[in-house]
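Subject: Structure for your review

Dear colleague,

Please find below the structure I promised to hand over, with the sequence alongside. My notes on what was found in it follow directly after.

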Amino acid sequence: MMSTSSPHGAQAAGPSSAAAPRQSTLKTLLGTGIGNALEWYDWNIYASFAVYFSAQAFDSSDKASAFLSTMAIFAVGFVARPFGGVVFGWIGDRIGRKQGLTLAVLCASGGSLLIALLPTYESVGLFASVVLLLARLVQGLAHGGELPSAQTYLAEHAPRERRGFWASSIYVTGTLGLLAGLLIGLFLSSVLTEAQMSSWGWRVPFALGAVLGLVALWIRSSMVESDVFEENRAAQQESGEKTQVWRALMRNWRTGLIVIGMTMGLTVSYYVWSVSIASLAQQNLHYSSEHAFEASLIGNIVLIIALPLWGAASDRIGRKACAVIALMGSAVAYIPMVLLIQGEFWQLVVSISVQLALLAGFISHAPAMYAEMFSTAERTSGFGIPYAVAIALFGGTAPYVNTFISSHAGSGTGGQVLFGVYAIALMVISTLTIVLTLPETKGKDLRETGAASEPGAAGVPAAGRSA
């Protein structure tokens, strides 16, 4: 498995080297953060506003069926993520992290524009549903490459002894994007009538997302590659070897399965409590749109506060300990928090806040943890592809499965309790995967080979091996 001893000795140069950085910390964090914020903004506004535009993209005579169809397309967007992991993983590992980041944000912006201009089912029939599906596939492709590219880029720029703390900025900026969507939803729902929201108000956040994508594209165009990647690319050019994504994926299939196993529980619980809770609270728990948005907003502010604290803790006590506390804490609290929701605003706020504060123990340092599992030559694709598979299979289907169970369980929290059993089982699997398969990696030199190597290759510098 993973070797934590440096093949370069104690004097190995790393991101925390005394040499002056080629790019400021602010630009690194802003460049990765703005595109990441756009991704989370896109996914959140789709889930949050689905209750409004579902009748526009599908036959409005059956609102429940239209909403389920809209959630199904939400899941289909996740199906494209593994393909995005392949495409952008190849770009990131072969051409450069920066190029992958730039192209990903351009595609994400285009997808948002398509949804903003979506024709209605009433005017063009089935073609409206097709356009929505196309837009989600484009966004899914882009987002399948955005997160692993951003996480890899940031991890390779971060000081090794503070990599967990730096990594938390990925989810801080992502959550800020999510909060931007919630604030827009709260504002629009307060100034527009239900009829206006259903008619045209839901288009506004998607149009803003398209504009944000252009801003992110401009910022990322002037970013520089990490020293770790440049050194590896120079070594590959000297040896004549190039990264082969599929060959690396096959060689690292065991580590890929570990990524899926450790991610499945996290993504299901996170997508429910952070992303889709606003729509679920309105659709299944009978909260007003204002209370649903406000509670989700407060809960995600709590998440932002908790993220850097957990990230710093992972640099001190280790990645594994924090991840296990997060997963098992969320599993134990899941059903009690569901049962707490009984129609009062404060109960919804407490439930969301408790769950997100616990989950922050894993997602805060997850970008560092994943990066530390793979070699430089395979880091973006090695993590990105299996991660996208896990998100597609479990995170992407979570809102649909939750809505489906709730629609068949009657009113109240009964459906949420049943779904909670499913989420808890996945979090237990993720916990066991981490405990049984991963050694501690905090402070690891990213110039090391990484966990993805074949047995016997540990300690061989990544740049000197065939990829």
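Arg 220 and Glu 146 form a salt bridge in this predicted model, and their closest N and O atoms are 2.7 Å apart. The pair ties together distant parts of the chain, since Arg 220 belongs to helix α8 (residues 203-220) and Glu 146 to helix α5 (residues 126-157), with 74 residues separating them. Both Arg 220 and Glu 146 are buried.

With a relative accessible area of 0%, Asn 36 is itself buried.

The search of the whole structure finds eight salt bridges, and two further ones deserve a description here. In one of them Arg 81 is paired with Glu 39, the closest N and O atoms being 3.2 Å apart; this pair also links distant parts of the chain, with Arg 81 in helix α2 (residues 63-95) and Glu 39 in helix α1, 42 residues apart. Arg 81 and Glu 39 are both buried. In the other, the side chains of Glu 372 and Arg 319 meet at 2.8 Å, N to O, and here the link runs from the loop between α15 (366-371) and α16 (379-395), where Glu 372 sits, to helix α13 (residues 319-340), which holds Arg 319, the two being 53 residues apart. Glu 372 is buried, as is Arg 319. Besides these pairs, there is a network in which salt bridges that share partners join Asp 93, Arg 97, Glu 156 and Arg 379.

Turning to helix packing, helix α1 (residues 25-57) packs against helix α6 (residues 163-191) at an angle of about 40 degrees, and their axes are 6 Å apart. Because of that angle, α1 is oblique to α6, and the crossing of the two helices is right-handed. Sorted by class, the residues in the contact of α1 with α6 comprise 15 nonpolar and 14 polar ones, with no charged residues.

Where does Leu 179 lie, and is it buried or exposed? Leu 179 is in helix α6, and it counts as buried because its relative accessibility is 8%, which falls under the 20% cut-off. Between Leu 179 and Ala 37 there are 9.5 Å in space, C-alpha to C-alpha, although the two are 142 residues apart in sequence. Once neighbours within four places in sequence are left aside, the residues in contact with Leu 179 are Leu 297, Asn 300, Ile 301 and Ile 304.

For the chain as a whole, the protein chain contains 18 helices and zero strands. Of its 467 residues, buried residues make up 60%. Among the contacts in the chain with a separation of 6 or more, residues 24 or more positions apart account for 85%.

With kind regards

Technical notes:
Residues are numbered from 1 along each chain as its sequence is written. This is a predicted model: local features need pLDDT of at least 70, side-chain atom pairs count only at pLDDT 80 or more; totals for chains, interfaces and linings use all residues. Side-chain values use heavy atoms; hydrogens and water are left out. Axes are lines fitted to C-alpha atoms, for helices over the stretch in contact, and angles run from 0 to 180 degrees between N-to-C directions. Helices (H or I, at least four residues) and strands (E, at least two) are DSSP runs, numbered from the N terminus. Angles under 35 degrees count as roughly parallel, over 145 as roughly antiparallel, 65 to 115 as roughly perpendicular and the rest as oblique. A crossing is left-handed if the near helix is turned anticlockwise from the far one by less than a right angle, and right-handed if clockwise. Ala, Val, Leu, Ile, Met, Phe, Trp, Tyr, Cys and Pro count as nonpolar, Asp, Glu, Lys and Arg as charged, and the others, Gly among them, as polar. A salt bridge is a side-chain nitrogen of Lys or Arg within 4 Å of a carboxyl oxygen of Asp or Glu. Buried means under 20% relative accessible area, exposed over 50%, partly exposed in between (1.4 Å probe, protein chains only). Contact means heavy atoms within 4.5 Å.
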